[in-house]
Amino acid sequence: MSNPTDIRATRFVRPGSGWGEIGRQLISAADSTGGRREPSVLPAGAPNDVLTRVAAELGPRELATHGIGESAALEYMARIVHDYGLNLTDSTYAAHLQPPPLSVAVAADALASATNASLDTYDSGPATLAIETWAVDVLARLAGLPETAGGVFGPGGSYSNLLALLIARDQAGAARGLDIRHDGVAALGSPVVLCSRVAHFSVQRACAALGLGESAVITVDCDEQHRMLPSALEAILADPGVDPATGATRTPFAVIATAGTTDFGTIDPLPEIAEIARRYGLWMHVDAAYGFGALFSERLSGLLDGIALADSITLDLHKVGWQPAAASLLLLADTDSFASLDRSVAYLNPEDDLEAGLGGQLGLTLQTTRRPDVLKVATTLLAYGRSGLGEMLESCHDLALHAQRRIESEPQLELVTGTTLTTVVFRYRCHELDSDTVNAEVRRRLLTSGSALIGRTRVRVPSLCEPRTCLKLTLLNPETDAAGIDGLVDEILRVALEVESEGLGRLAPGARAHAGQKAGILP
Ligand SMILES: *Cc1c(COP(=O)(O)O)cnc(C)c1O
């Protein structure tokens with residue numbers, strides 16, 4: 001049985017001994033990359049060239065009659081993702097809300113795959129069903145939600161937001177005696193949702209998917225710190241206006257507050273928004289995909305005061321939580337609100353089986369088969385506790401503050417938005433060339449040289465009062481240190497100077513002003 005070349009013994013993962021076999025297979029795959037140095041943050045080269053190289057490694061696009069065997073296949077793929085993948089542990093990675101994953105979470109995720117349990121019914125896996133309930137309760141309590149709270153894990157914050165808006169939409173219908181699930185959205189008139197100008201684009205996508213249309217999203221103005229202005233929200237609610245297409249009066253049914261905007265990490269004023277939502281009878285959803293992790297930290301948890309007043313909360317532990325994707329959770333203050341997703345299916349949860357205790361979480365989501373993402377989350381919560389996770393976030397917050405100070409001290413850099421959680425938005429100042437073109441080129445050149453991977457966005461720059469292309473550091477690696485950040489900023493400055501001087505070199509002295517793009521500084 002223990003001979004690893006005996007395919008009969010190891011083809012399928014047996015509980016217990018089989019898990020060890022996964023470990024052994026990973027060790028041999030890792031050994032096969034062992035002689036190579038740790039890869040840079042991203043493989044050097046133009047994106048098309050890199051993809052072409054990987055395609056060439058993969059060979060003919062046809063299913064071979066005979067396989068190459070398990071070890072060879074695994075080693076082959078391990079080498080490809082090692083050589084052409086992303087290195088999130090590198091201190092020059094600062095692009096997205098994509099953290100280096102915790103080893104313990106990856107191991108637990110392999111365990112989740114090994115069980116191949118599903119969460120829809122009791123007989124698709126009892127253990128993980130109870131583990132999900134436990135983790136939901138732990139996180140609902142951390143958020144300060146009432147005893148009635150419930151929740152469901154899903155494949156991402158975008159999906160959790162979709163589910164929240166689906167539930168809010170159906171509740172709004174039910175409040176008016178409508179069965180939206182059965183009758184569709186037409187009877188709702190002209191329903192709208194409100195969120196800030198800088199809320200995540202998944203709100204628009206959710207409204208499109210829910211049959212409300214993207215035009216159902218009304219965006220509310222923000223203050224200088226990109227936080228929703230309660231007065232602006234109130235003004236819209238006092239006079240929501242009519243739908244220009246149909247002439248019907250708009251009926252707001254939900255407000256989405258963002259706790260941790262993707263670019264700036266800023267947090268809408270939750271208590272004020274909750275109070276307004278209550279007065280106007282709106283569902284209050286808090287999109288805390290990024291910011292929820294602040295609750296792990298004593299130093300930062302005050303930022304989320306008021307989150308306990310939400311009707312629903314999205315949180316992504318594959319961001320602040322250091323989980324491999326996906327580990328998203330939708331929490332509801334009242335688990336009864338899941339009712340509109342309830343479903344009776346003859347082959348899964350007939351009434352008499354439900355009475356016998358064979359139910360599961362089928363009625364909490366749109367998925368049927370659903371993998372136990374919760375296993376890695378629960379393992380991580382047990383392993384690290386609140387302070388273990390809180391300290392990791394505080395380290396990232398400190399790094400972001402360090403980056404902010406360094407940027408402020410560099411005359412060539414302009415701080416655009418300081419840090420709230422772990423992001424910093426800034427730009428390279430240049431006077432002779434088009435600064436949008438230069439900043440975008442700096443990011444691409446860092447990326448294609450494999451020397452650093454940073455983010456970009458477009459945001460109103462205070463000194464100019466207009467939107468400009470900016471650079472962004474998103475810092476989620478608590479093992480980076482101040483020297484790592486300084487090295488990254490040095491590299492950004494070096495490449496920016498290089499881009500700028502090349503651009504200037506190509507310009508005739510008379511034609512310099514704001515002409516970078518036309519002069520062809522891009523390759
Ligand atoms: C990342 C993010 C989302 C989307 O989450 P995914 O897990 O990427 O689908 C939604 N809202 C905010 C504020 C986010 O930062």
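Why does R468 count as buried?

Analyst: R468 counts as buried because its relative accessibility is 18%; buried means under 20% relative accessible area, exposed means over 50%, and partly exposed lies in between, with a 1.4 Å probe and protein chains only. This is a predicted model, in which local features need pLDDT of at least 70 and side-chain atom pairs count only at pLDDT 80 or more, while totals for chains, interfaces and linings use all residues. Residues are numbered from 1 along each chain as its sequence is written, and side-chain values use heavy atoms, with hydrogens and water left out.

R468 belongs to strand β12, where strands (E, at least two residues) and helices (H or I, at least four) are DSSP runs numbered from the N terminus. The side chain of R468 is joined to that of E466 by a polar contact of 3.3 Å. Such a contact is a pair of N or O atoms within 3.5 Å; within protein, one must be able to donate a hydrogen and the other to accept it, and residues adjacent in sequence count only if both atoms are side-chain atoms.

Strand β12 covers residues 466-474 and pairs with β10 in the antiparallel sense over 4 bridges; two strands pair if DSSP finds at least two bridges between them. Within β12, K472 is the bridge partner of V425. V425 is also the partner, in β10, of T417. Strand β9 (residues 413-417) runs antiparallel to β10, with 4 bridges joining them, and the two form a hairpin with 5 residues between them.

How many residues of strand β10 are buried? In β10 (residues 423-428), 6 of the 6 residues are buried. In a regular strand, side chains alternate between the two faces of the sheet. In β10, T423, V425 and R427 point one way, V424, F426 and Y428 point the other way, and all are buried.

A search of the whole structure finds 2 cavities of 30 Å³ or more. On a 1 Å grid over the protein atoms alone, a cavity is a set of points where a 1.4 Å probe fits but cannot get out, a pocket is an open set with protein on both sides within 12 Å along at least five of seven lines, and lining residues have an atom within 4 Å of a point. Grid points are joined across faces, edges and corners, and a volume is the space filled by probe spheres set on the points.

The largest cavity holds about 50 Å³, and its lining includes F296, L317 and Q323. The second largest cavity, of about 40 Å³, has among its lining residues Y93, L399 and I485.

The largest pocket has about 700 Å³ of space. It is lined by 20 residues, of which V81, H82, L86, N87 and P101 lie nearest its centre. Helix α4 gives the most to this lining, with 5 residues.

Finally, there is a ligand. Of the 14 residues around it, G157, S158, D287, D316 and K319 come nearest, where near means having a heavy atom within 4 Å. A polar backbone atom of G157 lies 2.7 Å from an oxygen atom of the ligand. For S158, a polar side-chain atom is 2.7 Å from a ligand oxygen atom, and for K319 an N or O atom in the side chain is 3.1 Å from an oxygen atom of the ligand.
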